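Let's take a walk through a protein model together, from its overall build down to a few individual side chains. Have the viewer ready.

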Amino acid sequence: MQFHHHGYLSTEPRVAAAAGTGTDRPDELPDTMDVLIVGSGPAGVIAAAQLSQYPDVHTRLIERRPGRLELGQADGIQARSVETFQAFGFAERITAEAYRITEMNFWAPDPEHPQNIIRTSRTDDDVRGVSEFPHLIVNQARVLDYYLEAAQRGPARIEPDYGWEFTGELTVTEGAEHPVAVTLRRTAGPDEGAERTVRAKYVYGCDGAHSRVRKALGCTMDGDKALHAWGVMDVLYDTDFPDIRTKCAIQSHDGGSILLIPREGGYLIRLYVDLGTVAEDDGGQVRRTPMETVVAKANEILHPYTIEVRDVAWSSIYEVGHRLTDRFDDVLPRDRGTRTPRVFIAGDACHTHSAKAGQGMNVSMQDGFNLAWKLGQVLTGRSPASLLDTYSAERQVVAKDLIDFDREWSSLMAKKPEELGSPDEVAEYYVRTSEFPAGFMTEYADSMITREGTGQELATGYPIGKRFKSERVVRVSDANPVHLGHHARADGRWRLYAFADPAAPSAADSPLRRWAQWMLEAPDSPVAVHTPAGADLDALFDIKVIFQQGHHEFEVTDAPEIFRSRSGPFQLTDYERVYATDRRDPELFDPVDIFTTRGISREGAVVVVRPDQYVAGIFPLTDTAGLAEFFQGHLLPADDTAAAS
C-alpha cells in the first residue's frame, strides 16, 4: 500500500481524502444525479465502491430496507472474487474471518451396505492452481459491508440512501441533461409511503430476481424449471459425521443428496438437502415444507451418521430454475447502434439459477465491476458513451455460460447413484470444471476494449479477454518478492505491463527503452493524447516494467523515466513500478521466472489490462502505432482545460 505522497499521514490510509461530490454530498436524496443505483445487493455495492473513485460523478445508491442487510443468503466466494476484493483493498481482512475451502470430499452409498454412506474420495479444491487466492465461505452481509465501507472511504464518499424503493415508473427523455426519470417511494421513516420523482443520467437496476427496473424496461426472462426442490439451512448442530467441517457432496442410495458447506466462525454449516422431484401441478406447495421435515431428510441421507440441529440461523426452500433476460440494458435489438443505453440491470435481475454452484453473488459482483468503471470513464469525459454498449454484450454471454454450467451441475447433484456413469462421476466433474466455479472461465470477445489477435503469441499465459493472472516477481527498489497483479487497485486506471527485452536495463538503445521514451515524449503516445493537462503522469495509466534480469543485476534508477513517474503535490517518485525476474537462491527460496510461467516472449511484450483486471490486448514493444490506435478507439483526447481531480 502506498500513501504519504500527498503529505504525512498518520490516520487510516485506506480512507481517501474527500473530493468532488464527496466534499459537499447532500444528506438527503437530491432531485438530480449522474448515476442512480437501485438496490444494495452485490452488483450495487461494488458499483458504488468503484464509482466512489470518480469524485466528479454524483452517484446515489438507494435501498428499500431501512438499514444494512442483517442476514445474507449467498455465502460462496470464488477465488476470482477474492482477487477483486484485493483490488478494493479488503481481501486480507475478509479472508481472516472467512472459512477457507481447501478440499472437497465425496460420499456415496457403501456397496456392501447401501443404506449407509462412505467417503469415496477427497479432492483438492484448486487442483489446477488457477489462483493464489483462496476459495472462501462468508456471509453475503459481510461482503456488502466491506464494499459499502470502500464506497464510503472513497473520494466521493458514497453511502446508501436507505428506505427508498423504485415504484416501477421509469421514462427516458433523450436530449435532457438528466434523461432518466424514476419514481421512488419511501419505505421507512415518518414520511413512509411518500413518493417523489428524481432524474439521473444513468440508472443501474440491481434490485433482484423480481426486479422492477427489468420490468420497466420490458426485458423478458426466458428459461425453465428443473422440477426439483432443495431445502437449504444454516444451522448450529451436534453430529458424529466426521467431515462436518469439510465441504462435501453426499449421495445416498434412496434418500437423495446433500451439499454440505462449512460456514465461517467454526460452528455454523450450510446444508442443501435434496427434497426430490416436484410435480408440475405442485403450485408452490413444496415451498411450505417444514424445516423439521428437511432435518429428518438430512438424517436419512447421512445414515449411519446423525445430525441434531440445535439452532436454525436461516432457512429456505427453493426450486431449481434457470432463467436469462434477453438484454442487460434499455436498448432494443432493432435500436442497437442508433443510441447508447441509459438504463442497465445486473445480478439476479438478469440471471437466476441454483445456489449450489456458488455463482450468484460472484457473477453479480463482476456485473457491477464491469459497468461501473465504464460509467466513470464516460461521465468524466474520458471515453465516448458507446463504451457502455459493451456491458450487455459482455455480461450476457457470461450469464448464459453460467446457466449452462449450473444446469449440468445441479442435474448431476440430483441424480441417483444408479443413474451415474460411475461412482466417481460427481468428483470427476468437479475436478474437470474447477476453473469455471473459481470464476476464471470468463473470456470477453473482441470489442473496442478487448483487441483479439494483437499478439497473443507474445504472452501465451495471458489469454486476451481473460483476467490477468498474477505471478511472483521481485520489486527492485526494496527486494521484496511480490505478486505483480496485487498492486493494482480498482481506481479506474488502465494497466500497462511492459515485459523487457534481454538488453540490460541501462542499455541506451533497446526496444524497451525506445518504447518507454515514446510513451513519455511522443505526441501520439496514449499518455500525451489522453492525460488531462495538469494531471499526474499516471492519472490514467499505471505503467510498470518487468526486466528479465535479477534484482541484484541493476539499479532501480537504470529503468527509463516513465517507470519512475512522479505524483502528488510534491511530485514524489514512485519506486514501485520496476520489477525483476525472481532469481533468488533456489536453495533458500522458490524462485519463479514470470517470463517462463506466463509464456512471455524473450523479445519483450506489452500486456494491456482493463480497469476491471481483464487482458485487453498484447503488443510488441515495437508496435507503438498499434498501441496508440487501440487506446484512441475508446479513450477521448484530453480536454486541455480540465485537469484531473
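This is a predicted model: local features need pLDDT of at least 70, side-chain atom pairs count only at pLDDT 80 or more; totals for chains, interfaces and linings use all residues.

Residues are numbered from 1 along each chain as its sequence is written, and side-chain values use heavy atoms, with hydrogens and water left out.

Along the principal axes, the C-alpha atoms fill a box of roughly 75 × 70 × 50 Å.

How much of the protein is buried? Of the 645 residues, 57% count as buried, meaning under 20% relative accessible area, with exposed over 50% and partly exposed in between (1.4 Å probe, protein chains only). The accessible surface comes to about 25,700 Å², and 48% of that belongs to carbon and sulfur atoms; such areas come from the Shrake-Rupley method with a 1.4 Å probe, and for residues only the protein chains shown count as cover. Among contacts (heavy atoms within 4.5 Å) with a separation of 6 or more, 73% join residues 24 or more positions apart.

For a local view of burial, turn to helix α13 (residues 624-632), whose buried residues are T624, G626, L627, A628, F630 and F631. The cover over these residues includes helices α10 (511-521) and α11 (526-530), together with strands β21 (494-499), β22 (541-547), β26 (605-609) and β27 (615-619).

Now for the charges. A search of the whole structure finds 55 salt bridges, each a side-chain nitrogen of Lys or Arg within 4 Å of a carboxyl oxygen of Asp or Glu. One of them joins R68 and D145, at 2.6 Å from N to O. This pair links distant parts of the chain, 77 residues apart: R68 sits in the loop between β2 (59-63) and β3 (76-77), and D145 in helix α4 (residues 140-153). R68 is partly exposed at 34% relative accessibility, whereas D145 is buried at 18%.

Two further pairs are worth a look. R65 and E63 form a salt bridge with their closest N and O atoms 3.4 Å apart; R65 is partly exposed at 24%, and E63 is buried at 6%. In the bridge between R514 and D509, the closest N and O atoms are 2.7 Å apart. There, R514 is partly exposed at 42% and D509 is exposed at 58%. Elsewhere, a network of salt bridges links D491, R493, R495, D538, D542, K544, D574 and R577.

Finally, find T173 in the loop between β9 (164-172) and β10 (180-186). T173 is partly exposed, with a relative accessible area of 41%. Beyond its neighbours within four places in sequence, T173 is in contact with P179 and R199. T173 and R342 are 169 residues apart in sequence, yet their C-alpha atoms are 9.9 Å apart in space.

Definitions and conventions:
Helices (H or I, at least four residues) and strands (E, at least two) are DSSP runs, numbered from the N terminus.
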